[in-house]
Amino acid sequence: MILPLLLLMGIALIPASAQTVPTPNPQLASKEVNARVEALLKKMTLEEKVGQLVQYSAGYATGPGASNLHYDDLVSKGQLGSMLNVVGAEATNHYQHIAVEKSRLHIPIIFGQDVIHGHRTTFPVPLALAASWDPAAIELVARTGAVEARADGLAWVFSPMVDIARDPRWGRIVESAGEDPYLGSVLARAWVKGYQQGDLSKPDSVAVSVKHFAAYGAAIAGRDYNAVDMGEITLRQVYLEPYRAAVEAGAATVMSSFNSINGIPATANRFLLTQILRKEWGFDGFVVSDWGAVAELKNHSIGDGPTVARKALEAGVDMDMEGNLYSTTIAEQVQAGKIPESVVDEAARRVLRVKFALGLFDHPYTEAGPAYDATPERRAVARKVAEETLVLLKNDAVEGVGTLLPISQSIAKAKKVALIGPMADNQQEMLGAWAVTGDPKYAVTLKAALTERLGDRLLYAEGCELLSGEDANVLKRVSFGGPVIADQHLPIPDDAKSIAEAVETAKKADVAIVALGEPTNWLEGEAGSRAHLGFTGAQQKLLEAVVATGKPVILVVLAGRPLELKWAAEHVPAILEAWSPGVEAGHAVANVLFGDVNPSGKLPSSFPRAVGQEPLYYAQLPTGRPAHGDLSHMPSNAAEKFVSRYVDEENSALFPFGWGLSYTRFSYAAPTISRAEVPVQEILASRKAPVTTVGVDVRNTGSVAGTEVVQLYIRNTAASVEQPVRELKGFARVTLAPGESKHVEFSLGFDELHFYNAEMQRTVEPTTYKIWVGGSSLASAETELKIIE
Ligand code: BGC
C-alpha cells in the first residue's frame, strides 16, 4: 500500500488553484451518523454526557504531571470518553473492553496520541518535511503514521500542527511548516488527506487534530505559552489560513491552544472557536483543549475552576484534556442552572459524531498485529522522504579543490575523511523532538552510514558534547521528570581536550565533515524556547578549531530550528541543513554528501544573521522608509540614515525563505501570462475558477539531473489595505535531466489573489500585481497582472 504511493512523489506540476478542498467533512454531517448520535444522546444521563468530554493520559505524560486516577473504574461508569498516551493493541483493548462490555451504554473510547512525524517509523521532523515542498511526501508520511497508529489502537492523532512560526526562538517551530501561510496551507491539506483519506471509516484512517488553534506560533518574544497580540487582518490572512485549509480538507477535530490572543485565552475564545471555526468555516467535528489548558485558564485570571470550565465549554471547547475540570464541575453547574444542558448535549454530540464516523462503535478493538518497527519497506520510504528535506545552503568553490560537494570520487574512493562533532554518532538525536514512539535503536547515524561507504578511511572524533560545562543553567532548566540532567554530565566534559583530539583527527584527513546542532529533546519543541540561536555547548569553538586547520570543511547542521549560522556562512565553504532526519538520517545525509542524491530541499523558514532580527520573514509589510526602495523625497544623506534598518546588521536573512542549492543549475526564461488584464468582476464572480495562467520555461543548465522547486510570488501594489512586499502563491517540484527544459504553469484566481479588507471580507480590487518566478523568495524573473474595473 505504501510503495505504490511512492510513485506519486515525483509530481511535476501543482497548479495553485488545484490545492483547494473547500467542503467540510461530509461524514460528520451525514444523516446516518447524526441519527445514531441523536438516538444515543436520548439515552444518556448528564454524567454520561459529561463523561464523553473528559480525556486523561493513562500512560506516560506529554505535559506536566499526568492524572493518576482509577481509570478502569471511570471507564466502566461511562465517565471517561477518551484517553491519550495509551498505546498498543493490548493496552487499548484493555480499556476498550471495559468501555464496551461494562459501561451502561457501551460507548467506545477514542484513543489519541501525538503522532507527529511518523509513529513507529520516525520520519524527519515537520519543519524538515516542509523543506521538501512536496505535499505527496507529506501525505505519505501521514499515511504511514496512520497505518502504524491504527495498528496500535489509536484512531486519533494530535497532528498536524499548522501554527505559522516566524520566530525560531520558539522551540515549537520544529513542529511547524515554517513561516508561510500558502506553503503551510498546501501542506496542511496533505497531512489531513494522508491521515483521514477522505473517509474516516476506513480501518486504517485516523482522525486528525489540527493544532494549536490559534496563532500559538506568534507567542511574544518567541517564549512558549506566552500571549499573542495581533491585528485581525494578520490573524486571518496569515495565521488562520492553514487551519482553514485543514478544516476545509475535512479535519475531524481541532485542538485549542495555550496562548491568549488579543486578551482572550484561546481555550475560552468564543470568537475563534464558535464564530470563526463553526459559523464561518462550517466545522462539524469536536474541539479538544491542549493538555491542562482549561485548568490553566485560572492563571489567565478569568475566573476560578468552575468559572473557567464553563467559559471554555461555552466558548466551544468540547473535551478537556488532562484538565480535570469538566469531570468535576460541569454536571453540578448544569444542575444549578448555570450552564444550559443543551451546551453539554452539543459538545457530547460532536464527540460522538467523530466516534461513529470512525466506525468505533462497529469495530472498537484492535487486533494484535505485526510489529511495524523499522521494516525495510518503511525505512526505504523514510530515507527517500528524508533525502528530499535536506537543504544545501552553501557550496562555494575552494581554491585548488573546487566545490566540496558532492564529495568527489577521489575523496570517496581513495582518501581519508574526518567526521567530527556531537551530532555525528548520536542515534537519539537523529529522531527529533516529537518521536514519542520512535525507537532510537533503529536510527542510522552519519558515522554508521559513512563507515558503510568508507570503512577505515573514515576517521572519527566527537569533538565535544552537545551541552558543556558552560551550560550549567540550561542543563538545570531542561531536566524533566527525572534526575537533573546536569548531574548525568558530571564530571564536566573537558572540551579543550576533546577539541584538541578532533583537530588532530582533522589534520590526518583530506576533508572534514563537521556535524553540529542542538539537543533536540531538551532544547527544541515544547518548552524549548531559546534566547540564543547559536550551536550549544562548545560546538562553535570546535568548528572554529577545525576550520583553523586549513582542511576543507563541510558543515552538516542537525537542528529543528533555523540556527544563527553567520560565522559558518563566512568561513565554511559547504553547509548542508539536515534538520532532524529521522530513522534513516545517516543514509539520507550520506547519499546527498556523496552525490547519489542531488539535494532539492528549500527553506520553509528564513535563517537569521542575528537573533535580534527575529521575528524575521520574507512576507513583510511595506514601510514608508524602506532600506532599499524609493527615497527620492529625502535628501541623500538623510536617505542613508532615516530608513527602516538595523544600524549594526543587514535587514535581510542570511539564507532566505525558499532558498536551497543543487548540484546542478537552473535557469528561468522570462515568464509569460495568458491574460495580463482581467476585470475585477470576473474574479469576484468566479471564485473558484482560475482567471489567468503564468508560464515559465525552466532549464537544467548543469551536467547532472536535478529537481527544482519552482516558486511563484506576487505583490499587490495598490490595495485598500497594505499588502506584503512578496507572497508565495504557487510552487511546483520539477525534475530535469541535464540540458532539459520544462514549461511550468501556475493558475491564478480568487484563491491566490484575494486579501482581507478592513471589513474582514476576502476580496480582490482593481490593482496591479507584480509577479515573480524563481528558485527562492529572491526570484527575479518578472511579469505583471492588471486587475481592471
Ligand atoms: C502539547 C500538544 C500535545 C498534547 C498531548 C501538549 O503539551 O502542546 O501539542 O498534542 O500535549 O500530548
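**Figure 1. Strands 4 and 5 pair within a parallel sheet.** Strand 4 (residues 156–157) and strand 5 (residues 207–213) run parallel and are joined by two bridges. Valine 157 has valine 208 of strand 5 as its bridge partner. Strands are DSSP runs of E with at least two residues and helices are runs of H or I with at least four residues, both numbered from the N terminus; two strands pair if DSSP finds at least two bridges between them. The model is predicted, so that local features need pLDDT of at least 70 and side-chain atom pairs count only at pLDDT 80 or more, whereas totals for chains, interfaces and linings use all residues. Residues are numbered from 1 along each chain as its sequence is written, and side-chain values use heavy atoms, with hydrogens and water left out.

**Figure 2. The surroundings of the ligand.** The ligand is surrounded by 13 residues, of which the closest are Thr62, Asp114, Arg172, His212 and Asp290; a residue is counted if one of its heavy atoms lies within 4 Å. By class, this shell has six nonpolar, two polar and five charged residues. Nonpolar covers Ala, Val, Leu, Ile, Met, Phe, Trp, Tyr, Cys and Pro, charged covers Asp, Glu, Lys and Arg, and the others, Gly among them, count as polar. An oxygen atom of the ligand lies 2.4 Å from a polar side-chain atom of aspartate 114. For histidine 212, an N or O atom of the side chain is 2.7 Å from a ligand oxygen atom, and for aspartate 290 the corresponding distance is 2.6 Å. The ligand taken alone exposes 310 Å², and the protein buries 100% of that (accessible areas by the Shrake-Rupley method with a 1.4 Å probe).

Figure 3. Most residues other than glycine have a negative phi, and most peptide bonds are trans. The peptide bond from phenylalanine 213 to alanine 214 is cis, with omega near 5 degrees; alanine 214 belongs to the loop between strand 5 and helix 9 (232–239). A cis peptide bond also leads from leucine 405 to proline 406, with omega near -10 degrees, and proline 406 is placed in the loop between strand 13 (402–403) and helix 16 (409–414). Serine 301, although not a glycine, has a positive phi of about 60 degrees.

**Figure 4. Antiparallel partners of strand 22.** Strand 22 (residues 690–700) pairs with strand 19 (residues 666–668) in the antiparallel sense over three bridges, and phenylalanine 666 has asparagine 700 as its bridge partner. Nine bridges link strand 22 to strand 25 (residues 741–749), again in the antiparallel sense. Threonine 693 stands opposite serine 747 in strand 25.

Methods. A polar contact is a pair of N or O atoms within 3.5 Å; within protein, one must be able to donate a hydrogen and the other to accept it, and residues adjacent in sequence count only if both atoms are side-chain atoms.
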